[in-house]
Amino acid sequence: WRGREGAPYSTLVPSDEVTINYRHGLPVITLMLPTRSERCQFTVKPVVTTVGAFLQDVQREDKGIERAEVFATDGSKVSDATLMEVLLMNDFKLVINNTAYSVSRPVKDKLSSEHATEMEDIKYLVHRLFVALHLEDHQIRKERELLQKLDHLKGELLPLEQMRARIMNSADAKTSRLLWVGLALMSTQGGALAWLTWWVYSWDIMEPVTYFITYGSAMAFYAYFVLTKQDYIYPHAKDRQFLHYFYRKSKKQHFNVERYNKLKDDLAEAEESLRRLRQPLRLRLPIQEISDKD
């Protein structure tokens, strides 16, 4: 028999030299160690053990083994990263030094449906037991982490909140002053037009003046719409002017608005996570206790 590279092996040993049997649900590979001349059993875990790990165990057991490889029946080499579960699905050849062992696929007894159901029940009970033993510790550890995160975020937000409050008070005061200045200017304009109409000139002279003042105001409102893409509505205009003062003041005092918003979002997310963690259903409290908390 020849390997993948065409190099002949000196001996091809029958399949009975290497046997595979299942014991307690795990495959046990029995083979003859070449230098120690004794049979040795290797118990493998098919789901986690790879071909490379199995070959390393064989070489570790017999220091005289210089070469250990696994080939498929067509002569192609099986990768060391292949799981033993995949390897044991078909026949293969185990090469130790210059000896090739022909290995037949093991036959595993099928579990009865009743025994399989019992195994599933046992797995479910083990899972429930694990959850009962570790859920409370996990929740306590998670709650402690969230509380520490909340304290850290609140500590970082405290100076920013104080600075933000000062900036908002300043921006609100400037906006209010601007509104009162606008009211004063409109009152002055109305009084001036009335004085010019009844005491200095007549209505025939002042009528074109008031027309152009009204037309100029309409042009100013239209220009506001062109620049802001918003109608000139007094509450909206007030909020826009407030934000203008707020951001200008924040820039002067080096107040990082983006960092403040990020910390606020993180704080809200942590508080929501803590609230969900403390929900009665998640804590598996009795029905009466849930009602009392509600």
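Guide: Let's start with the rings: Phe242, Phe246, Tyr247, Phe255 and Tyr260 are joined into a cluster by ring pairs. Keep in mind that this is a predicted model.

Visitor: OK. How are the rings of Phe255 and Tyr260 arranged?
Guide: They make a tilted aromatic pair, with 5.7 Å centre to centre and 50 degrees between the planes.

Visitor: Is Phe255 buried or exposed? And what about Tyr260, buried or exposed?
Guide: Phe255 is buried, at a relative accessible area of 5%. Tyr260 counts as buried too, with 7% relative accessibility.

Visitor: How many aromatic pairs turn up in the whole structure?
Guide: A search of the whole structure gives seven aromatic pairs. One of them is Tyr211 with Tyr215, which is stacked: 6.5 Å centre to centre and 20 degrees between the planes.

Visitor: Where do Tyr211 and Tyr215 sit?
Guide: Both are in helix α4 (residues 203-228), four residues apart, or about one turn of the helix. Tyr215 is partly exposed, its relative accessible area being 47%.

Visitor: Switching to charges. How many salt bridges are there?
Guide: Searching the whole structure finds nine salt bridges. Take Arg60 and Asp57: their side chains meet in one, at 2.7 Å from N to O.

Visitor: Why can those two reach each other? How far apart are Arg60 and Asp57 in the helix?
Guide: They are three residues apart in helix α1 (residues 51-61), so about one helical turn separates Arg60 from Asp57. As a general point, side chains of opposite charge can pair when their charged atoms come close. Arg60 is partly exposed at 48% relative accessible area, and Asp57 is partly exposed at 32%.

Visitor: Fine, that's a local one. What does Glu156 pair with?
Guide: Glu156 meets Arg259 in a salt bridge, 3.7 Å from N to O. This pair links distant parts of the chain, with Glu156 in helix α3 (residues 113-200) and Arg259 in helix α6 (residues 257-277), 103 residues apart. Glu156 is partly exposed, with a relative accessible area of 24%, and Arg259 counts as partly exposed at 38%.

Visitor: And which residue does Lys264 form a salt bridge with?
Guide: That's Glu161, with the closest N and O atoms 3.4 Å apart. Lys264 is in helix α6 and Glu161 in helix α3, so this pair ties together parts 103 residues apart in sequence. Lys264 counts as partly exposed at 33% relative accessibility, as does Glu161 at 24%.

Visitor: Which residues are in a network with Lys264?
Guide: Salt bridges link Lys264 with Glu161 and Arg164 in a network.

Visitor: Now the greasy bits. Which residues touch the most other members of the largest nonpolar core?
Guide: Leu31, Phe54, Val70, Phe92 and Leu94 do, out of 24 residues in that core. The elements giving two or more residues to this core include α1, β3 (26-33), β5 (68-72) and β6 (92-96). Its largest share, four residues, comes from α1.

Visitor: What is Phe54 in contact with, leaving aside its neighbours within four places in sequence?
Guide: Phe54 is in contact with Ile29, Leu31, Phe42, Val44, Thr49 and Met84. Apart from that core lies another one, of 18 residues, and among them are Leu153, Phe255, Leu263 and Leu274.

How values were computed
Residues numbered from 1 in each chain as written. Predicted model: local features only at pLDDT ≥ 70, side-chain atom pairs only at ≥ 80, totals over all residues. Heavy atoms only, no water. Salt bridge = Lys/Arg side-chain N within 4 Å of Asp/Glu carboxyl O. Buried < 20%, exposed > 50% of the residue type's maximum accessible area, 1.4 Å probe, protein only. Core = buried A, V, L, I, M, F, W, Y, C linked by side-chain atoms within 4.5 Å. Contact = heavy atoms within 4.5 Å. Phe/Tyr/Trp six-rings, centres within 6.5 Å; stacked < 30°, edge-to-face > 60°.
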